[in-house]
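User: Could you go through the aromatic rings of this model with me, one question at a time?

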Amino acid sequence: GRYDSKAKTPLVKVLKDPEKEIRVGSIEILAKADDRLIGSSLLGVMRSSDFYTRDEDEVEKFFEALSQFPSPSTIEFLNQLLSEKNLTRSKVIVRRQVMAVNSLGGMDSPDAKPTLEKCLKRWFLPSQVKNAAKTAVQSR
């Protein structure tokens, strides 16, 4: 599909559809849109309590799409995920943090690099997350 500003509201609504294929199709269309307000709509879904119960590939698509909408609120959301102290080294949280780093790495924003650099200094982040941050910083 293709994005049309008239389709924004219905596309955002189906991000909460019970059918995964419909949600994924919507996120793929929205990711190509040139409408900064879509980032806040994505954040609304990503902040919901049941978001991380979705399949990992779908969650990853949301993080990839979020990288297309840099704003103070999206960068702060990703920074919060990267500030989470995962002392038990839960693989689920590590994967989420790597997706957050990759999202920041894909952002075309001068504010993304300092957030990535902060990750390198956080003693509590696992090496997998720090390595992803180091790669993202070097590729900027």
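**Aromatic rings and their surroundings**

Trp123 is exposed, with a relative accessible area of 61%, where exposed means over 50%, buried under 20% and partly exposed in between (1.4 Å probe, protein chains only). This is a predicted model, in which local features need pLDDT of at least 70 and side-chain atom pairs count only at pLDDT 80 or more, while totals for chains, interfaces and linings use all residues. Residues are numbered from 1 along each chain as its sequence is written, and side-chain values use heavy atoms, with hydrogens and water left out.

User: How many aromatic pairs does the structure hold?

Analyst: Rings of Phe, Tyr and Trp (its six-membered ring) pair if their centres lie within 6.5 Å; planes under 30 degrees apart count as stacked, over 60 as edge-to-face and the rest as tilted. By this criterion, the number of aromatic pairs in the structure is three.

User: Which geometry do the rings of Phe51 and Phe62 have?

Analyst: Phe51 is buried at 0% relative accessible area, and Phe62 is also buried, at 0%. Their ring centres are 5.0 Å apart and their planes stand at 75 degrees, so the pair is edge-to-face.

User: Which geometry does the pair of Trp123 and Phe124 form?

Analyst: Phe124 counts as buried, with 8% relative accessibility, whereas Trp123 is exposed at 61%. With 5.6 Å from centre to centre and 90 degrees between the planes, this aromatic pair is edge-to-face.

User: Which ring does the charged end of Arg96 sit over?

Analyst: A charge sits over a ring if NZ of Lys or CZ of Arg is within 6 Å of the ring centre and within 35 degrees of the ring normal. The charged end of Arg96 is 3.7 Å from the centre of the ring it sits over, that of Tyr52.
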